[in-house]
Amino acid sequence: MEAAAAAAGVQLGSSKPQIATQAEMAEARVPLAYRDQCAHLLIPLNKCRVAEYYLPWKCEPERHAYEKCQYELVMERMLQMQKIREAQEAKAKGGASIGLIPAATAKLG
C-alpha cells in the first residue's frame, strides 16, 4: 500500500495532529483501538457518559464532536484511497475512473 501511495504522490496518514498523549489515553483507559486523532474528544465523552449514567440525551455535544471527528477521518482515508486507485488505473490503462466520493464532498481536506 505504501508503494502505491508513494507512486500516486499521496501521503498516507491523517492531516489531523494527535492531541491526546499516550499517558492521557492510558489514564483515561481508552482502548487501543480508539487511540486515534479523535481520542482527545473521546476522553471527555466517556467521562460525561459515566457521570450521566449513559443517558443518550445527556452528552450530545461531546458525542457530536467525537462522531464528526471520526467522520472526517474516514472521509480523508477514502479520499486518499480514491487518489491511489485513480493513479493505479491511470498507470495501468490510462482510462478515466469513477470516483468513490462526490466532488462536493471531496473538497473537505
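## Close-up views of a helical model

**View A. The buried side of helix α4.** Buried residues of α4 are Tyr66, Cys69, Leu73, Met75, Glu76, Leu79, Gln80, Gln82 and Ile84. Here buried means under 20% relative accessible area, exposed means over 50%, and partly exposed is in between (1.4 Å probe, protein chains only). Helices are DSSP runs of H or I with at least four residues, strands are runs of E with at least two, and both are numbered from the N terminus. You are looking at a predicted model, in which local features need pLDDT of at least 70 and side-chain atom pairs count only at pLDDT 80 or more, while totals for chains, interfaces and linings use all residues. Residues are numbered from 1 along each chain as its sequence is written, and side-chain values use heavy atoms, with hydrogens and water left out. From its first C-alpha to its last, α4 reaches 47 Å with its 33 residues, close to the 48 Å expected at 1.5 Å a residue. The expected span is 1.5 Å times one less than the number of residues in the helix. As a reminder when you read such a list, an α-helix has 3.6 residues a turn, so residues three or four places apart point the same way.

View B. How far apart are the end C-alpha atoms of α3? They are 18 Å apart, and this agrees with the 18 Å that its 13 residues should span at 1.5 Å a residue. Ala39, Leu42, Ile43, Leu45 and Cys48 are the buried residues of this helix. Those buried residues pack against α2 and α4, where contact means heavy atoms within 4.5 Å.

**View C. The disulfide of cysteine 38 and cysteine 69.** A search of the whole structure turns up 2 disulfides, a disulfide being a pair of cysteine sulfur atoms within 2.5 Å. In this one, the sulfur atoms of cysteine 38 and cysteine 69 are 2.0 Å apart. The link is left-handed, with -90° about the S-S bond. The pair links distant parts of the chain, 31 residues apart: cysteine 38 sits in the loop between α2 (22-27) and α3, and cysteine 69 in helix α4.

**View D. The disulfide of cysteine 48 and cysteine 59.** The sulfur atoms of cysteine 48 and cysteine 59 lie 1.9 Å apart and form a disulfide. With -95° about the S-S bond, this link of cysteine 48 and cysteine 59 is left-handed. Cysteine 48 is in helix α3 and cysteine 59 in the loop between α3 and α4, so the pair ties together parts that are 11 residues apart in sequence. Cysteine 48 and cysteine 59 are both buried. If you number the bonded cysteines of the protein in sequence order, the pairing reads 1-4, 2-3.

View E. Which residues make the nonpolar surface patch of about 400 Å²? Tyr53, Leu55 and Trp57 do. Patch residues have over 30% relative accessible area and no salt bridge; like charges are joined within 9 Å, and nonpolar side chains (Val, Leu, Ile, Met, Phe, Trp, Tyr) within 5 Å. A salt bridge is a side-chain nitrogen of Lys or Arg within 4 Å of a carboxyl oxygen of Asp or Glu. Accessible areas come from the Shrake-Rupley method with a 1.4 Å probe, and for residues only the protein chains shown count as cover. Leucine 55 is found in the loop between α3 (39-51) and α4 (60-92); at 32% relative accessibility, leucine 55 counts as partly exposed. Tyrosine 53 is in the loop between α3 and α4 too, and counts as exposed at 70% relative accessibility. The phi of tyrosine 53 is near 55°, a positive value in a residue other than glycine.

**View F. Arginine 29 in its loop.** Arginine 29 lies in the loop between α2 and α3. Is arginine 29 buried or exposed? At 72% relative accessibility, it counts as exposed. Its phi is near 55°, a positive value in a residue other than glycine. From C-alpha to C-alpha, arginine 29 and isoleucine 43 are 8.7 Å apart in space, and they are 14 residues apart in sequence.

**View G. The protein as a setting for the close-ups.** The protein has 4 helices and 0 strands. Of its 109 residues, 22% are buried. It exposes about 7,800 Å², and carbon and sulfur atoms supply 57% of that area.
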